[in-house]
Amino acid sequence: MSDVQLVRFRNDGKRGKTFELMCHPGMPAKFRKGLIGFDNVLISDEVWLNHKKGIRAADGDLEDIFGSTDLPAITRRILEDGDIQLTQAERQAIVDKKRREIINYIHKYYVDPKTSLPHPVLRVENAVADVKVRINPELSTKKHVKEIIKRFPGILAVKRMELEATVKAYHRHIGQLEGILRDIVEIKYERWDAEGCTYEITLVPGDYDRLLGELRRVCGDDFQFNVAGETPQQEPEETKGRKGKKGKRSRGRGRR
């Protein structure tokens, strides 16, 4: 029945049973958010062991698990603590959201090898549809992308676009900085020493300015950031605060 949404309550004790409530679609979630009252949720106040087979919970079942046969109290308990079974529309919305995440990820992290520019979002969307990969909302976006990229040859030419870099952070900042790094970049390796940690990272060019902004917000100028293949710089001790000379490491100055 598409006009019914179930809420299931599972008791895992020795007398484990599953109890079901038949609810109006979308109403259990609204009730939990405080948007509607209890009286607007249930199709009926019957408690079922299996509504498809028409098996109602007997008074003995309710007494064993809930210690009562008070239906209003029991149905409220099931509604508040049970598992809301998703409707078809809700499941489809979750799948669609995951698909958008996959498409945006490919658009952000991969480029056309001929132009080194991102493919238009619509082109990526069509390519994802052409590879016919089943979208599993429980699977991470990165795992989906890995499988989809394997199927792209002959459909869409892409290459991953990323920068390799190192970030040296000092112990006094690491507690606040590490979570930010893991959110923006992919950490490949960590080297710890008495001063702090040097992170070997990869990042997409689109996150370069964001990363530098966060480094400066947390550390001020008290960090080192170098992109692979570029000449690092350092502030000479006798002119601290001025632009450094080539061939030495910079603190707090990242360069493209």
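## Salt bridges in the model

A salt bridge is a side-chain nitrogen of Lys or Arg within 4 Å of a carboxyl oxygen of Asp or Glu. The structure described here is a predicted model, and it holds 20 salt bridges.

## Pairs within a helix

Glu 101 forms a salt bridge with Lys 97, and their closest N and O atoms lie 2.9 Å apart. Both residues belong to helix 4, where a spacing of 4 residues separates them by about one helical turn. Glu 101 is partly exposed, with a relative accessible area of 29%. Lys 97 also counts as partly exposed, at 46% relative accessibility.

A second pair of this kind is found in helix 8, which covers residues 208-219. There the side chains of Arg 217 and Glu 214 meet in a salt bridge, with an N to O distance of 2.8 Å. The two residues are 3 residues apart, again about one helical turn. Arg 217 has a relative accessible area of 52% and is therefore exposed, the cut-off for this class being over 50%. Glu 214, at 22%, counts as partly exposed.

Salt bridges with shared partners also join residues into a network, whose members are Lys 97, Lys 98 and Glu 101.

Asp 61 is buried, because its relative accessible area of 14% falls under the 20% cut-off. Lys 17, by contrast, counts as partly exposed at 27% relative accessibility.

## The second largest pocket

The second largest pocket has a volume of about 160 Å³. Helix 4 (88-109), helix 7 (171-184) and strand 10 (196-203) are the elements that each give two or more residues to its lining. The largest share, 3 residues, comes from helix 7.

Among the lining residues are Tyr 105, Tyr 109, Lys 142, Arg 160, Arg 182, Asp 183 and Glu 186. Others in the lining include Ile 184, Val 185, Thr 202, Leu 203 and Val 204.

Key:
Residues numbered from 1 in each chain as written. Predicted model: local features only at pLDDT ≥ 70, side-chain atom pairs only at ≥ 80, totals over all residues. Heavy atoms only, no water. 1 Å grid on protein atoms, 1.4 Å probe; cavity = no way out; pocket = protein on both sides within 12 Å on 5 of 7 lines; lining within 4 Å. Points joined across faces, edges and corners; volume = space filled by probe spheres on them. Buried < 20%, exposed > 50% of the residue type's maximum accessible area, 1.4 Å probe, protein only.
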